[in-house]
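I opened a new model today and kept notes as I went.

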Amino acid sequence: MYLSIPEAARKWQMAPDELRRKCELHLIPKAVRFGYRWLIPADALRPSAPIDGQTSA
């Protein structure tokens, strides 16, 4: 089962844009691009590494 960006963002309590960027940088293992959407495995772990230039809150 896969989650969309909005679903995974709610699950992990992060901004959808940040999660989308992490997918583009291949920081989410096994996330796949399907057309214009990213699909994230439901059992994937929350990415902990901040994107360069960002600080964790």
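**Notebook: sheet, helices, core**

R33 stands opposite W38 in β3. This is a predicted model, so I keep that in mind throughout.

**Entry 1. Overall layout**

I looked up the elements. The protein has two helices and three strands. Along the sequence they follow the pattern β-α-α-β-β.

I checked the totals next. The protein has 57 residues, and 32% of them count as buried. Its accessible surface comes to about 4,300 Å². Carbon and sulfur atoms own 55% of that surface.

How much of the contact set joins residues at least 24 apart? I took contacts between residues at least 6 apart in sequence, and 52% of them join residues at least 24 apart.

**Entry 2. The sheet**

I traced the strands. The sheet is open and has three strands in the order β1-β3-β2, with antiparallel pairing. Which strands are the edges? They are β1 and β2, and each pairs on one side only.

I looked at each pairing in turn. Strand β1, residues 2–3, is joined to β3 by two bridges. L3 has I40 as its bridge partner in β3. Strand β2, residues 32–34, is joined to β3 by three bridges. I also found F34 opposite R37 in β3.

Then I checked the turn. The hairpin of β2 and β3 has two residues between the strands. G35 takes a positive phi there, near 70°.

Strands of a sheet pair through backbone hydrogen bonds, either parallel or antiparallel.

**Entry 3**

I moved to helix α2, residues 16–24. Which of its residues are buried? I found L19, K22 and C23. Seen down the axis of α2, the buried residues fall within an arc of 100°, so they line one face of the helix. What covers them includes α1 and β3.

I followed the chain past the helix end. H26 comes after α2, and its phi is positive, near 60°.

I searched for salt bridges. The structure holds two.

One joins the side chains of R20 and D17, at 2.9 Å from N to O. Both residues lie in α2, three residues apart, about one turn of the helix. Is D17 buried or exposed? D17 counts as exposed because its relative accessibility is 58%, and the cut-off is over 50%. R20 is partly exposed, at 31%.

The other joins the side chains of R21 and E24, at 3.7 Å from N to O. These two also lie in α2, three residues apart. R21 is partly exposed, with a relative accessible area of 39%. E24 is partly exposed too, at 36%.

An α-helix has 3.6 residues a turn, so residues three or four places apart point the same way. Side chains of opposite charge can pair when their charged atoms come close.

**Entry 3. The core**

I turned to the nonpolar side chains. The largest nonpolar core has 13 residues. Which of them touch the most other members? They are W12, L19, C23, I28 and I40. The elements that give two or more residues to this core are α1 (5–12), α2 and β3 (37–41). α1 gives the most, with four residues.

In soluble globular proteins, nonpolar side chains tend to be buried together.

I picked C23 from α2. Leaving out residues up to four places away in sequence, C23 touches I5, I28, A31, W38 and I40.

I picked I40 next, which lies in strand β3. Is I40 buried or exposed? I40 is buried because its relative accessible area is 0%, and buried means under 20%. Its contacts beyond four places in sequence include M1, Y2, L3, I5, A8 and W12. L19, C23, I28 and A31 are also in contact with I40.

I checked one distance to finish. I40 and A8 are 32 residues apart along the chain, yet their C-alpha atoms are separated by 7.3 Å.

Key. Residues numbered from 1 in each chain as written. Predicted model: local features only at pLDDT ≥ 70, side-chain atom pairs only at ≥ 80, totals over all residues. Heavy atoms only, no water. Salt bridge = Lys/Arg side-chain N within 4 Å of Asp/Glu carboxyl O. Buried < 20%, exposed > 50% of the residue type's maximum accessible area, 1.4 Å probe, protein only. Core = buried A, V, L, I, M, F, W, Y, C linked by side-chain atoms within 4.5 Å. Contact = heavy atoms within 4.5 Å. Areas by Shrake-Rupley, 256 points an atom, 1.4 Å probe, with all protein chains shown as cover. Pairing = 2+ DSSP bridges. Arc of directions from axis to C-beta.
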